Amino acid sequence: MMCAFGTVGQPASDQPTMEYHGVMPKSVRLSTPRPSPEEMARRLRIPKRRQRELNVLAEEYVKRLRAEKDAGESVIGRKEKPTNASAAD
Amino acid sequence: MRLPPIEPNNNVFLNIPYDEAFRDLYIAYVVGLYQVGLTPHVASEIPGGERRLDRIFALIKSCRYSIHDLSRVELSGGPSSAPRFNMPLELGLAISWSLLNPDLHKWFVWESEPFRIQRSASDLNGTDPNIHFGTVEGVLGELRNAFWWNNAPSVETMLEVYRGVELNFGAILSLNGTRNPYAPGVFKEMCLFISRLTTLLRASRSSWQ
């Protein structure tokens with residue numbers, strides 16, 4: 001028996017009878033500029049004090065990165081492990 | 001009736017599983033989206049007492065793009081395990097909105113395994129999902145492919161920002177008094193931190209080279 005869309009009894013691995021020929025693009029080209037940190041803070045309504053705290057954290061990381069680069073180490077040299085394991089794992 | 005065009009915006013609705021195992025990829029999405037010139041939005045940041053689905057649909061409508069990560073197809077753990085239907089449900093909302101208003105919204109499907117979506121959601125056959133292989137580098141690389149922006153940094157540069165967020169994520173959680181990485185305050189402050197860090201790194205990079 002077939003339903004109106006013809007999908008009943010259709011194995012998922014077979015050619016589908018209701019393919020989606022929609023608007024999903026593989027890529028889009030952007031031309032607009034990225035918002036500045038000040039613009040982001042305004043949009044996100046983050047208080048000045050918290051902005052300063054986050055700024056200190058960012059500055060400390062940049063200093064650390066620079067020190068590691070100067071020492072010839074790589075802060076990003078570690079191997080990433082797959083992180084998409086099941087929540088039950 | 002076709003709605004009038006909305007103001008051009010760089011907003012992206014990020015439809016992902018909210019669980020601890022996805023945390024690194026969540027950070028990668030937020031870092032990567034900002035690096036390619038976009039502003040991420042998640043359902044948890046929407047305030048208000050309206051029904052959750054209404055709030056999510058309002059957010060989808062306000063975003064030019066949406067990313068739907070369908071990589072979590074496993075059953076949740078525990079004695080009452082169940083599949084996760086929220087991501088496909090919200091993808092359906094975005095598809096409907098886009099079909100009705102193709103000039104206003106474009107949606108993307110992301111997966112961790114090639115060809116799996118042909119089994120999990122065969123009605124999407126004919127579309128090309130972005131495959132991230134469950135890795136941070138995969139997410140960053142595919143974001144660069146999906147959203148082509150002339151000023152987009154390399155994946156290596158994106159990873160420097162990612163690493164900075166990862167190292168400071170505990171501090172951001174502490175500032176917000178929570179252990180929930182998906183809390184609204186954590187998300188907002190992570191976005192600002194990424195923005196600030198990107199600006200600082202760009203200014204510093206010329207002196208390093």
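Helices here are DSSP runs of H or I with at least four residues, and strands are runs of E with at least two. I kept in mind throughout that this is a predicted model.

**Chain A.** I started with the secondary structure, and chain A comes to two helices and one strand. Reading from the N terminus, I noted the order β-α-α. I then looked up burial: of the 89 residues in chain A, 13% are buried.

**Chain B, helix 2.** Which residues of helix 2 (residues 52–62) are buried? I found Ile56(B), Leu59(B) and Ile60(B). For packing partners of the buried residues, I listed strand 1 (11–15), strand 2 (39–41), strand 3 (65–69) and helix 3 (86–100) of chain B.

**Chain B, Arg51(B).** I next checked the loop between strand 2 and helix 2, where Arg51(B) is found. Is Arg51(B) buried or exposed? Arg51(B) is exposed, because 9 other C-beta atoms lie within 10 Å, and the cut-off for exposed is 12 or fewer.

**Chain B, helices 1 and 6.** My last stop was helix 1 (residues 23–35) against helix 6 (residues 155–175), which pack at about 135 degrees with axes 10 Å apart. The two are therefore oblique to each other, and their crossing is right-handed. The contact residues divide into eight nonpolar, two polar and one charged. Among them I noted Ile27(B) and Val31(B) on helix 1, and Val161(B) and Phe169(B) on helix 6.

Note on methods. Residues numbered from 1 in each chain as written. Chains lettered and ligands numbered in written order. Predicted model: local features only at pLDDT ≥ 70, side-chain atom pairs only at ≥ 80, totals over all residues. Buried ≥ 20, exposed ≤ 12 C-beta atoms within 10 Å, placed from the backbone. Contact = placed C-beta atoms within 7 Å. Axes fitted to C-alpha atoms, helices over the stretch in contact; angles between N-to-C directions. Parallel < 35°, antiparallel > 145°, perpendicular 65-115°, else oblique. Left-handed = near helix turned anticlockwise from the far one by under 90°. Nonpolar A, V, L, I, M, F, W, Y, C, P; charged D, E, K, R; others polar.
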